[in-house]
Amino acid sequence: MRLDRFLSNLPRFSRKDVRLALLAGRVSVDGQTLKDPLHEVREFSQIMVDNEILQTGKPARYFMLHKPPGCVSATTDPQHPTVLDLLQEPDKHELHIAGRLDFNTSGLMLITNDGQWSRRLTQPTTKLPKVYHVETEQEIGEHYLEKFTEGFYFAFEELTTLPAQLTILDSHHARLSIVEGRYHQVKRMFGFFDNKVLRLHRESMGPLVLDPALEPGQYRPLTPEEIHRI
Ligand code: URA
């Protein structure tokens with residue numbers, strides 16, 4: 001929301017009061033004096049006029065979890081444990097998952113209460129590569145490479161997947177980088193060759209890489225530097 005709108009929504013400030021307070025340098029956001037009425041403020045911003053706090057600004061929270069197989073990427077589930085059950089944090093209902101994984105997929109999962117940040121990470125237009133380690137039932141052939149680059153037609157969505165980068169590691173293992181996040185995307189890509197994915201593990205999302213110190217089920221807060229990479 002715009003700073004001037006935030007202030008003029010408060011009963012005590014008329015639009016004129018807001019303009020004057022801004023011009024006089026009486027308004028600060030996160031400790032910085034601001035005069036720009038169009039400055040965007042959020043629920044995480046601390047907003048002050050003179051020395052009075054008008055909004056404390058709730059903390060933005062960001063976590064990296066090593067999702068184990070066998071848990072659901074949802075906030076609640078009637079049958080199975082969820083990724084949120086693995087977090088010992090207050091107010092978990094305020095958190096959401098940035099980029100789900102299937103029940104049996106493991107690896108990097110990002111969890112936050114910052115919707116703008118998670119949208120930047122997951123929206124298709126940013127085209128952030130998601131890198132997966134894949135183990136398959138059948139051999140992975142050299143002829144796969146061209147098809148992954150060319151794209152797979154997904155009839156349900158009526159689209160062809162964007163070029164993906166497949167690196168064959170050995171007969172049954174590959175590393176795959178995709179920039180989309182379609183439903184069961186990796187499994188459907190290998191399914192084209194009737195090759196079942198036995199294990200799937202997400203190693204990274206854009207510039208964020210799963211911390212090797214995290215065992216399956218463990219998590220840690222992101223560092224300020226990691227948060228700013230997105
Ligand atoms: N593609 C899949 O098929 N499953 C996942 O969990 C992620 C990508």
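Guide: A residue is called buried when its relative accessible area is under 20%, exposed when it is over 50%, and partly exposed in between, with a 1.4 Å probe and protein chains only. Helices (H or I, at least four residues) and strands (E, at least two) are DSSP runs numbered from the N terminus. The model is predicted: local features need pLDDT of at least 70 and side-chain atom pairs count only at pLDDT 80 or more, whereas totals for chains, interfaces and linings use all residues. Residues are numbered from 1 along each chain as its sequence is written, and side-chain values use heavy atoms, with hydrogens and water left out.

Visitor: Which exposed residues does α2 carry on the face turned away from its buried side?

Guide: In α2 (residues 15-23), the buried residues are Val18, Ala21 and Leu22. Seen down the helix axis they fall within an arc of 100° (taken from the directions from the axis to the C-beta atoms), so they line one face of α2. That face packs against α1 (3-8) and β1 (27-29), where contact means heavy atoms within 4.5 Å. The face turned away from it carries the exposed residues Lys16, Arg19 and Leu23.

Visitor: Which residue with a positive phi follows α2?

Guide: Most residues other than glycine have a negative phi. The residue after α2 is a glycine with a phi near 70°, namely Gly25.

Visitor: In the open sheet of 4 strands, which strands stand at the edges?

Guide: The strands are arranged in the order β2-β1-β3-β4 with antiparallel pairing, two strands being paired if DSSP finds at least two bridges between them. Each edge strand has a single partner, so one of its sides is left without a neighbour in the sheet; these strands are β2 (32-33) and β4 (52-55).

Visitor: Which residue of β4 is the bridge partner of Val49?

Guide: Strand β3 (residues 47-49) and β4 run antiparallel and are joined by 3 bridges. In β4, the bridge partner of Val49 is Glu52.

Visitor: The side chain of Gln55 reaches the backbone oxygen of which residue at 2.8 Å?

Guide: Gln55 belongs to β4, and its contacts more than four places away in sequence are Phe6, Arg42, Glu43, Ser45, Gln46 and Ile47. A polar contact is a pair of N or O atoms within 3.5 Å; within protein, one must be able to donate a hydrogen and the other to accept it, and residues adjacent in sequence count only if both atoms are side-chain atoms. A polar side-chain atom of Gln55 lies 2.9 Å from the backbone oxygen of Arg42. The backbone oxygen reached at 2.8 Å is that of Ser45.

Visitor: Which residue caps the N-terminal end of α3?

Guide: The buried residues of α3 (residues 115-122) are Trp117, Ser118 and Leu121. They fall within an arc of 95° seen down the axis, so they line one face of the helix. Among the elements covering them are β5 (62-67), β7 (106-112) and α6 (224-228). At the N-terminal end, a side-chain oxygen lies 3.2 Å from the backbone nitrogen of Gln116, and the capping residue is Asp114.

Visitor: What is the relative accessible area of His184?

Guide: His184 is in the loop between β12 (173-178) and α5 (185-191) and has a positive phi of about 50° although it is not a glycine. His184 is partly exposed, with a relative accessible area of 28%.
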